[in-house]
Amino acid sequence: MSLPIITADQRLAERRGVKGVLVGKSGIGKTSQLWTLPPASTLFFDLEAGDLAVEGYAGDTIRPRTWQECRDFAVFIGGPNPALREDQPYSEAHYQAVCQRFGDPAVLDKYETVFVDSITVAGRLCLQWCKGQPQAYSEKTGKPDSRGAYGLMGQEMIGWLTHLQHTRRKNVWFVGILNEALDDFNRRVFTLQIDGSKTGLELPGIVDEVVTLAEVKADDGSSYRAFVCHTLNQWGYPAKDRSGRLDPVEEPNLGRLMQKIAGPARPASERLDFARPQASVAEPASSATPSATTASVSSQES
């Protein structure tokens, strides 16, 4: 057996999927982004039952109602993880059991994008399941222990997200609600609305793209919606672009955004340009003559 090296040509020829998070406040139009995706190749992972915004959309839908179903669909979409034991979720045994229930996984080959709406609701289903597990009860008293439940929830959510993230041949977009609050210094802070803190903190490191659908003010005072895509932005919105192809602000169209991400890559010299901005030109010197300045200093010293 030779060393399983993947050559540069093989890696560049692979079909790559985009894994991203789309966040925004309630009612901004996150679910409506489904309209920008081709219905024949998009699978709507409907957790919120909020499909009134996309009523009439011609794409296919799945509607998990429990955390167990969320895990089953994840392993069916992403395949098994060979690193896991047979008794663990997302293992080969879990995958085979799900295939016996759902049938041939080849039925998913026609889907290029999975649109998960929303990760906020997935967190609620996960927490509800975790509260019934042995880890959610104190070993000494047998009473419910919220710390154990939230700790288990963090592990479960990260495992679920990571498994979907490793689905190389498909695009997976998670939709989430954006919370806005003020910190101790009266500064605006934006966070993902989800129970527990572990998932919200680790999620940006798991996915390739973090995009905020936000209301932005124009120079004339009018408002418009836009995608904020760069980490360093003037509003402090959560954002991240691992592709290096996106502008700081993009039009709010998820379909065209993915086309741009799949486009030609920028040269490494441009992507790795971290030079500081040029300093502004210094103000002209005072019109005072050197002798006058010297005299002024001398008088101050005396």
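**Entry 1: pocket lining**

I sorted the lining of the largest pocket by class and recorded 9 nonpolar, 10 polar and 14 charged residues. Here Ala, Val, Leu, Ile, Met, Phe, Trp, Tyr, Cys and Pro count as nonpolar, Asp, Glu, Lys and Arg as charged, and the others, Gly among them, as polar. I note that the model is predicted: local features need pLDDT of at least 70 and side-chain atom pairs pLDDT 80 or more, while totals for chains, interfaces and linings use all residues. Residues are numbered from 1 along each chain as its sequence is written, and side-chain values use heavy atoms, without hydrogens and water.

I read the volume of the largest pocket as about 970 Å³. A pocket is, on a 1 Å grid over the protein atoms alone, an open set of points where a 1.4 Å probe fits, with protein on both sides within 12 Å along at least five of seven lines; lining residues have an atom within 4 Å of a point. The volume is the space filled by probe spheres set on the points, which are joined across faces, edges and corners.

Of the 33 lining residues, I listed Arg-16, Gly-17, Val-18, Asp-208 and Ile-261 as the closest to the centre of the pocket. Helix H1 (8–13) and helix H7 (254–261) each supply at least two lining residues, and H7 gives the largest share, 5 residues. Helices (H or I, at least four residues) and strands (E, at least two) are DSSP runs, numbered from the N terminus.

**Entry 2: H4 against H5**

I looked up helix H4 (residues 119–130) and helix H5 (residues 146–165), whose axes come within 9 Å and cross at roughly 130°. Axes are lines fitted to C-alpha atoms, for helices over the stretch in contact, and angles run from 0 to 180 degrees between N-to-C directions. The pair is therefore oblique; angles under 35 degrees count as roughly parallel, over 145 as roughly antiparallel, 65 to 115 as roughly perpendicular and the rest as oblique.

I recorded the H4–H5 crossing as right-handed. A crossing is right-handed if the near helix is turned clockwise from the far one by less than a right angle, and left-handed if anticlockwise. Among the H4 residues in contact (heavy atoms within 4.5 Å) are Ile-119, Gly-123 and Leu-127, and H5 contributes residues including Tyr-150, Met-153 and Leu-161. This contact has 13 nonpolar, 1 polar and 1 charged residues.

I found helix H2 (residues 67–78) packed on H5 at about 25°, with the axes 9 Å apart, so H2 is roughly parallel to H5. Their crossing is left-handed. Trp-67, Cys-70, Arg-71, Ala-74, Val-75 and Gly-78 of H2 meet Glu-156, Met-157, Trp-160, His-163 and Leu-164 of H5.

I then took H2 with H4: the axes come within 8 Å and cross at roughly 120°, which makes the two helices oblique. Trp-67, Gln-68, Cys-70 and Arg-71 of H2 meet Ala-122, Leu-125, Cys-126 and Trp-129 of H4.

**Entry 3: backbone**

Most residues other than glycine have a negative phi, and most peptide bonds are trans. I noted a cis peptide bond from Asp-117 to Ser-118, with omega near 5°; Ser-118 lies in the loop between strand S4 (113–117) and H4. I also noted a positive phi, near 75°, at Tyr-90, in the loop between H2 and helix H3 (92–102).
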